[in-house]
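The points are grouped by topic.

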Amino acid sequence: MSLLRQLLDQAERTPEAVALVAGDGAELTYGELRRQVLAVRHGLLANGLEPGDGMLFSVRPSPESLVLALGVVAAGGVVVFADPGAGSEMFEARLRLARPRWSAAESLLYAASRLAPVRAYARRRGLLLPKLAHLPMRHLYVGRRLPGVPRGALSFATLVRGESPAPDLAEIGDPDAPAAVIFTSGTTARPRAVVHTQASLAAALELFRARLPLGPGDVVHTDQLMLGLPTLVSGARWSMPPLFCSPADFARQLRERGATHTFCVPVHLAEVLDEEPALPESLRYVLLGAAPAPAGVLRRAVAAAPGAEVLSVYAMTEILPVAIASAGEKLAHTEAGADGDLLGGPLPGVGISIAGDGELLLSGPNLCRGYLGDEPLKELPTGDLARLDGQGRLVLMGRKKDMLIRGKFNLYPGLYEPAIAALDGVAEAAIIGLPDPETGDEEVVLAVVAVPAVSGAAAADLAERLRRRLPEVIDHDALPDRIIVLPDLPRSGRGRKLDRGRLRELAREGNA
């Protein structure tokens with residue numbers, strides 16, 4: 001059964017129950033959620049959306065964005081998630097690869113990307129907005145109409161108030177057709193996007209539900225779609241924090257809304273616990289993911305929620321979830337002096353193999369179809385080095401590709417270093433991370449060698465020029481926290497391989 005079919009069936013069974021609580025406290029029932037999704041579906045089809053049409057999606061997490069995304073998939077379209085703040089060159093490269101026929105954006109973003117004073121302000125803040133209104137595609141806007149919204153653009157508010165004729169649910173969405181395209185990384189020369197189908201997403205949701213019992217009466221506080229969707233399929237209540245929610249407000253809403261489940265990136269949970277050392281007694285599950293969970297954060301979480309099960313989720317955009325380990329298991333592994341980071345036992349149906357060089361290879365029904373423009377994937381090379389312990393549990397041993405962790409973003413230096421080294425004034429470039437020992441989050445440092453060699457004020461000038469240029473060349477989330485200019489990059493061995501360990505030492509010395 002497709003993801004949409006499961007959700008709509010659940011909504012039909014419990015129409016009066018509250019499905020979603022928005023950041024401002026507004027509530028949406030299951031019955032109204034179902035009606036709105038079907039109304040958007042009907043409106044899009046009536047306005048010419050065809051099966052397989054991509055819709056560029058520039059709408060921040062909200063009840064409206066959820067309804068719109070579900071409506072697109074219900075109509076047979078594909079939601080294309082491409083950050084409009086990634087920089088104009090990167091954005092255009094992603095459009096060339098995805099070739100969406102539709103664009104959906106908040107009216108404020110259309111206005112900001114078209115009006116010169118707003119664009120200039122955004123540029124000063126490091127946000128290079130593309131000219132969305134000029135894109136040659138059908139436009140849809142969310143919010144009240146503002147100057148800059150393209151003439152003839154469809155209004156989400158009008159669609160959602162329209163008809164919602166009862167369709168044959170068996171016809172809603174081919175489970176094996178693409179449903180979502182998620183740009184994860186890459187350069188302007190080679191953007192990378194993961195393609196998920198309704199079937200692969202539904203399989204992922206089932207794995208979450210199997211490990212995390214969910215049902216009516218449960219309240220899941222998160223802004224994460226991949227935890228919010230299994231919440232709705234289960235008949236539970238999704239509590240959505242507001243945009244730019246402060247750690248203090250996040251903790252307050254956990255308590256006020258009686259949350260039973262929540263999800264945080266480890267660095268975010270550390271910030272929440274700084275504000276509120278004791279989490280509400282209603283919590284039964286605290287999930288940590290998107291980055292390794294350091295022992296210090298795990299201990300604080302267990303102490304803050306002694307009645308809850310604290311779990312660490314190992315997942316990738318391409319295949320999620322893969323394994324889930326309890327805080328107790330992870331801490332026992334660390335305290336026993338065992339090597340690596342315990343990830344837990346593979347979840348049912350997830351295929352695990354270890355390549356000859358130690359790289360973890362994954363497969364299963366929750367594996368994405370593949371990367372946009374490439375052949376379908378049968379097995380995913382993760383870039384992670386892993387082993388299986390005596391109990392058949394996965395243990396992470398390192399990163400094959402020197403991947404860095406920044407919040408929810410996985411940063412692969414090798415994807416960006418060639419593009420940076422090709423810029424004027426740069427001979428070589430290397431990206432390294434300096435992990436915070438408490439949170440595991442990493443400061444991203446870009447080291448460059450100038451051509452010709454420079455020092456002093458000239459080096460500072462090069463760093464400033466790079467800071468202005470980089471948003472046009474690489475992912476917004478890959479922008480460095482700090483840029484250092486060195487006379488040369490440290491190398492070792494006969495092959496003169498880049499010595500990233502020594503480079504980290506130099507970066508720390510420069511930070512002292």
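In strand 15, I319 is the bridge partner of M316. The model is a predicted one, and the points below begin with the hairpin to which strand 15 belongs.

**Hairpin of strands 14 and 15**
- Strand 14 (residues 309-316) and strand 15 run antiparallel and are joined by five bridges.
- Two residues lie between the two strands of this hairpin.
- Eight of the eight residues of strand 15 (residues 319-326) are buried, that is, under 20% relative accessible area; strand 15 is therefore largely enclosed by the rest of the structure.

- Eight strands make up an open sheet with mixed pairing, in the order 2-1-11-10-12-13-14-15.
- Strand 2 (27-29) and strand 15 stand at the edges with a single partner strand each, so one side of each has no neighbour in the sheet.
- On average, neighbouring strands of this sheet are turned by 20° against each other, direction ignored.
- Strand 10 (residues 219-221) runs parallel to strand 11 (residues 237-239), and three bridges join them.
- Within strand 11, R237 is the residue opposite V219.

**The second largest pocket**
- The volume of the second largest pocket is about 430 Å³.
- Its lining has 20 residues, of which P292, D341, L396, R399 and G440 are the closest to the pocket centre.
- By class, the lining comprises ten nonpolar, four polar and six charged residues.
- At least two lining residues each come from helix 12 (295-304), helix 13 (327-335), strand 21 (394-399) and strand 24 (426-435).
- Strand 21 supplies the largest share of the lining, four residues.

How values were computed:
Residues are numbered from 1 along each chain as its sequence is written. This is a predicted model: local features need pLDDT of at least 70, side-chain atom pairs count only at pLDDT 80 or more; totals for chains, interfaces and linings use all residues. Side-chain values use heavy atoms; hydrogens and water are left out. Buried means under 20% relative accessible area, exposed over 50%, partly exposed in between (1.4 Å probe, protein chains only). Two strands pair if DSSP finds at least two bridges between them. Axes are lines fitted to C-alpha atoms, for helices over the stretch in contact, and angles run from 0 to 180 degrees between N-to-C directions. On a 1 Å grid over the protein atoms alone, a cavity is a set of points where a 1.4 Å probe fits but cannot get out, and a pocket is an open set with protein on both sides within 12 Å along at least five of seven lines; lining residues have an atom within 4 Å of a point. Grid points are joined across faces, edges and corners, and a volume is the space filled by probe spheres set on the points. Ala, Val, Leu, Ile, Met, Phe, Trp, Tyr, Cys and Pro count as nonpolar, Asp, Glu, Lys and Arg as charged, and the others, Gly among them, as polar.
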